[in-house]
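Here is a friendly walk through a two-chain model, one region at a time. Keep the viewer open and follow along.

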Amino acid sequence: MATVETIEQVKQIDVDQYKYGFETDIESVKAPKGLDEDIIRFISQKKGEPQWLLDWRLDAFERWRTMKEPTWARVSYPKIDFQELHYYSAPKGVEEGPKSLDEVDPQLLATYEKLGIPLAEQEVLAGVKKVAVDAVFDSVSVVTTFKEELAKAGVIFCSISEAVREHPELVRKYLGSVVPKSDNYYAALNSAVFTDGSFVYIPEGVRCPMELSTYFRINERGTGQFERTLIIAEKGSHVSYLEGCTAPMRDENQLHAAVVELIALEDAEIKYSTVQNWYPGDSEGKGGIYNFVTKRGDCRGNNSKISWTQVETGSAITWKYPSCILRGDNSRGEFYSIAISNGYQQVDSGTKMIHLGKNTSSRIVSKGIAAGFSENTYRGLVSAHRKATNARNFTQCDSLLIGDRCGAHTVPYIEAKNSSAHFEHEATTSKISEDKLFYCMQRGLSEEEAVALIVNGFVRDVLQQLPMEFMAETQKLIGISLEGSVG
Amino acid sequence: MLEIKNLHAKIVEEDKPILKGVNLTVPTGEVHAIMGPNGSGKSTLAYVLAGRSDYEVTEGDILWNGKSILEMTPDERAAEGVFLAFQYPMEIPGVAGLTFLRTALNSIRRKRGEAELTTPEFMKLVREKGSQLHIDIEMLKRPVNVGFSGGEKKRSEILQMALLEPTLCVLDETDSGLDIDALGVVSDGVNALRSPDRAMLVITHYQRLLNHIVPDRVHVLANGVIQRSGDKELALELERSGYAEYRAA
């Protein structure tokens, strides 16, 4: 019955209103504009990092300078002037990293409350699972909740800056081991200037006792956000993690270039869900976040599993391909995606499933919805290495068009270097037909209710992959994202 | 009372008129049948009554209880009590029948200024109306019309009609795709909805439906106009003689 709630929610909100578009007026400490070695030293020093990490950053920066911006994606935007950005911005007083909850600036707490993110470790109601939150505001983590309770289970959940200080051996061992620092243009940039993000370590045999989540907020004007997330699941462990993101409405474009690395060791399972709702720009295509993100999971151990679920509704430009390297024998990768574009948004997103181990399997279910003047591309690679005997993939890729000024594109790449590989690819493209709309409206639904209902049906398979707590909210978000897409 | 006055209609972006001056009055409480050959404009009339946007009314008017509905959107007409049972009901993948029914019912109730039903109230109502049509809850957990047989689709249409309680029911070829048994179930469902507060317009090719749903009046629509009107005997006559004489017109 959540569809009914969706519709209710849609009705309450005016067209063209991004409800997270407010700005928090808070004093911040910023790095000077521009990017050079001194800025990198500045960031590293602000974070009190060891020499090895500074060297790592500087090496990444050297490599980045020799690299070219990729142009293969089906997106177009004016050239980004990387010298015009601030690479570090932190609310005054939290530069030293997360403190306990009662020391956090009330204005920051109010910001998260307004965004609907609970930062208080309140007793939860019966039947509702606890969710631990790491709140990242511009370049720093403001606070991480439930740390003590998680620590009792041996789980480490903290900002990456804190992990560098407290658990350097883990960070040093795994950082860049899935996404090498010169992997691609934006990953190299991120490696040079990353500021904050989350760190998760689940020890052997532990099932993480609660849902973990990170909430990213860009607030400061003229800044880029470069977050770095690292999740390690030791042998036989299990974790479910969710990230959310929003930004104020601005007429400038802001850059967000993140790197996420997941490592699943033997028999471990990582479920990573994203609800991406960065400011998409206004109805004329002005403003919005440029979201250039590298996300990759390494199923390093046998029988490991990594599952990506993403709901992409925001950003002016989305460029992201959460991928799985299926290295361990019998490992499994999954990618479930809902990508909605409206207005002048451009989405080029998909996944890579790299089958290296024996008997590896992967499943891709992608649902693209294009409305307005937007362009929505699915780009996916499925490959089987020579030694990946019995690799299996199933891909289902469906696109739905609303109106006649948007575009949906599917670009699958399939490489099988092994004759026992078995890959299946199914793709459909359809429009929300006048017939279906008329049918729903004849039964009393308004046009927007009808569109929300049909779209929620279209994405149902993927919605069901999200953690229960976020399903209803996501359904609402889908309705809101498609506001004004008809008529 | 439904009053159709000198109604002319065509498909948007095409020049050829389909309805060329239909005049028809259906008093509340009566069931009228519209019969006619293929291509006579029967389905167009149904769509125009429900407000489908790819048809354009070029002349004339449609009054429902004295009020013109021409400028209303399909959902506004639904709120005014207009219901169309489709000849080919649409499939809506991923949307459970129960979700669809509840969304529709509450939309209409809201527009009528009535309170929305709670889940238990709704389920009770669906069970009650569904059992009359041999529809159990399991069928309604499946996506709307997806993989339904012809009979299931038509029974589901009548269930929607029973739940939404419209005052003007237009049934477009409800007998098509039905075997004898299903025809009986569907007709019983329709007959149960006959009421002094409700007008019905039953569109069909064949007289056989009218053995089950006995009309107060029968009209022959051919070449875009009502050619002849009579009582239920007219349907039997048509069954014998066919539409040949109207086709010529």
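## Helix α3 of chain B

α3(B) is built from 15 residues, and its first and last C-alpha atoms are 21 Å apart, close to the 21 Å expected at 1.5 Å a residue. That expected span is 1.5 Å times one less than the number of residues in the helix. Helices here are DSSP runs of H or I with at least four residues, strands are runs of E with at least two, and both are numbered from the N terminus. After the helix comes G113(B), which has a positive phi near 75°.

Is α3(B) mostly covered or mostly open? Mostly covered: 11 of its 15 residues are buried. A residue counts as buried when 20 or more other C-beta atoms lie within 10 Å of its own, as exposed with 12 or fewer, and as partly exposed in between, with C-beta atoms placed from the backbone. The buried set runs G97(B), T99(B), F100(B), L101(B), R102(B), T103(B), A104(B), L105(B), N106(B), S107(B) and I108(B).

## About the model

This is a predicted model, in which local features need pLDDT of at least 70 and side-chain atom pairs count only at pLDDT 80 or more, while totals for chains, interfaces and linings use all residues. Residues are numbered from 1 along each chain as its sequence is written, and chains are lettered from A and ligands numbered from 1 in the order in which they are written.

The scores are ipTM 0.96 and pTM 0.84. Chain B has an average pLDDT of 92, with 99% of the residues at 70 or above; pLDDT is the predictor's confidence in each residue, from 0 to 100. Where pLDDT is low, the predicted coordinates should not be read in detail.

## Where the chains meet

The contact between the chains draws 27 residues from chain B and 21 residues from chain A; two residues are in contact if their C-beta atoms, placed from the backbone, lie within 7 Å. On the chain B side, the elements giving two or more residues are α2 (74-79), β7 (92-96), α3 (97-111) and α6 (150-164). α3(B) supplies the largest share of that side, eight residues.

Sorted by class, the chain B side holds 14 nonpolar, eight polar and five charged residues. Here Ala, Val, Leu, Ile, Met, Phe, Trp, Tyr, Cys and Pro count as nonpolar, Asp, Glu, Lys and Arg as charged, and the others, Gly among them, as polar.

Chain A has 12 helices and 23 strands, and 57% of its 487 residues are buried. Of its contacts with a separation of 6 or more, 84% are between residues 24 or more positions apart.

Both faces of strand β15 (residues 317-320) of chain A are covered, with I317(A) and W319(A) buried on one side and T318(A) and K320(A) buried on the other. β15(A) pairs in the parallel sense with strand β13 (residues 288-299) of chain A over four bridges, where two strands pair if DSSP finds at least two bridges between them. N291(A) stands opposite T318(A). Four bridges also join β15(A) to strand β18 (residues 346-355) of chain A, again running parallel, and K320(A) has S349(A) as its bridge partner.

Helix α10 (residues 447-458) of chain A has 10 of its 12 residues buried, so it is largely enclosed by the rest of the structure. α10(A) also gives seven residues to the largest nonpolar core, a set of 203 residues in which V200(A), A233(A), V455(A), F83(B) and V170(B) have the most contacts. Such a core is a set of buried Ala, Val, Leu, Ile, Met, Phe, Trp, Tyr and Cys residues joined through C-beta atoms within 7 Å.

## A sheet and a loop in chain B

An open sheet of four strands in chain B has the order β2-β1-β4-β5, with antiparallel pairing. β2 (17-26) and β5 (67-68) stand at its edges with a single partner strand each, so one side of each is left without a neighbour in the sheet. Seven bridges join β1 (residues 2-11) to β2(B), and E3(B) has T25(B) as its bridge partner.

R198(B) sits in the loop between α7 (180-192) and β10 (199-204) of chain B. R198(B) is partly exposed, with 18 other C-beta atoms within 10 Å.
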